[in-house]
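Please open the model in your viewer and keep the selection tool at hand, as each stop below begins with something to select.

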Amino acid sequence: MTELRFPDNFLWGAATAAYQIEGAARDDGRGESIWDTFSRTPGRVHAGHTGDVACDHYHRYADDVALMAELGLQAYRFSVSWPRIQPDGSGPVNPRGLDFYDRLTDALLGRGIDPIITLYHWDLPQTLQDRGGWTSRETAEHFATYASAVYARLGDRIGTWTTLNEPWCSAYLGYGNGVHAPGVQDPGAAFTAVHHLLLAHGLAVQALRAGGAGRVGVTVNPADVRPADPNSAADAAAVRLVDGLHNRIFLDPLLVGGYPEDVREHVARIVDPAFVQDGDEKIIAAPIDLLGINFYAPTYVAGRPDGAGGSAYPGTEGAVEFLAPVGPLTDMGWMIEPAGLTRLLERIATDYPAVPLLITENGAAFPDKAAADVTSPMQDTDRIAYLDGHLRAAHEAIARGVDLRGYLVWSLLDNFEWAEGYGKRFGIVHVDYLTQRRTPKSSARWYQEVISRNGL
């Protein structure tokens, strides 16, 4: 197999999220988040699992940073817990919450690891949700204030700031089909949340720039939407609809300056779009320096008048059939098709050419099996194959001219996988949740070698 080298200065790292790893749910003045409420509600999360302890990263961060350094990570993307900083989502800043991220940042820099910060990875303060959450415009305004508070403490040491992680999930899974916190099931609320999340991003960009931030971006999870039959006009129409609801509803206002007209018309059939106020789209389109791309699997659709649609895609009923994934699949039941990443990166680079790209998440859950020899690393060969295939797909995109600056594997640690609880493992490092022992899997050692040679 041909050896592949990535460009000089290509950034290699890993990513995590606060609620998934930190634990310490009631320590040092942290307030309640929507995921605290959701996970403690019977029937919402697999086996009643919560993030109360998770990987206990809040107390074990120094050891985790040492492990990152051992693996050769050049960058680490982490998220800040909003309720640690403002327990009620607004009002006074909790200095003890900021102290933790201060210590974490210094530990990373002390090991030569570049900290990349995400201000929102889904843990909205419950107090704000009680007042409407992302269906309320005030949440977007409070988010900008929160962003300023974090930047005021960490801006002198952190160079890369991202506002939101996957607003598609926050809006559609949180407010549309309700499989994620806060568990609302209301198509109109989902579209309202989309807009206020984007507005929050734009207002936060303004706040960060005012503070002096030099490199600001946002992370999305765009879909590689494919037709069941490339020659079918009905399937092409289904692709256009789903692409509008998944991709263009976010990327066009962020990078072009406004919502696409076909998406506007679709949304207006479901909810009065009066929540979009004059001037909002200009705020949302504030220039950014980096677009984070999270990718896991492609999406195949067919246009059918009896199509069941998708619960996470309001208004697709009676128009779209989402095809069941075909093998091989990950433990999440997701299709493995690395070529989808190449297609997606090329498409974004073509349609939105002004902004550099960074793969901020890519990885896979598998039912990892312990090695027969306890002194040997867990042999997660399926994960290595997945990562290898997707890195080759990323390299192919670069060869075709895509301005891709780096790759962050998801995830550093096995962790709380949202509604799946601890039943799914994405980490390149195994976590024994009873003892909190960390053990690098064979994929971690493989990735260590990829980093050291800057290639495959």
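This is a predicted model: local features need pLDDT of at least 70, side-chain atom pairs count only at pLDDT 80 or more; totals for chains, interfaces and linings use all residues.

Residues are numbered from 1 along each chain as its sequence is written, and side-chain values use heavy atoms, with hydrogens and water left out.

**Helix 3**

Select residues 57-71, which form helix 3; helices (H or I, at least four residues) and strands (E, at least two) are DSSP runs, numbered from the N terminus. The end C-alpha atoms of helix 3 span only 17 Å, whereas a straight helix of 15 residues would span 21 Å at 1.5 Å a residue, the expected span being 1.5 Å times one less than the number of residues. Centre the view on Asp-63, where helix 3 has a kink of about 40°, the bend being the angle between axes fitted to the seven residues ending at a residue and the seven starting there.

**Aromatic rings**

Next, select Tyr-172 and Phe-191, whose ring centres are 6.0 Å apart with planes at 90°, so the pair is edge-to-face. Rings of Phe, Tyr and Trp (its six-membered ring) pair if their centres lie within 6.5 Å, and planes under 30 degrees apart count as stacked, over 60 as edge-to-face and the rest as tilted. Because Tyr-172 lies in helix 8 (residues 167-176) and Phe-191 in helix 9 (residues 187-211), the pair ties together parts 19 residues apart in sequence.

Then select Tyr-19, Trp-35, Phe-38, Trp-122, Phe-416, Trp-418, Tyr-422 and Tyr-433, which form one aromatic cluster. Trp-122 is in the loop between strand 3 (114-120) and helix 6 (126-130), and Trp-418 is in the loop between strand 11 and strand 12.

**Cis peptide bonds**

Finally, select Gly-327 and Pro-328, which are joined by a cis peptide bond with omega of about 0°; Pro-328 is in the loop between strand 9 (320-322) and helix 13 (339-351). The bond from Trp-410 to Ser-411 is also cis, with omega near 5°.
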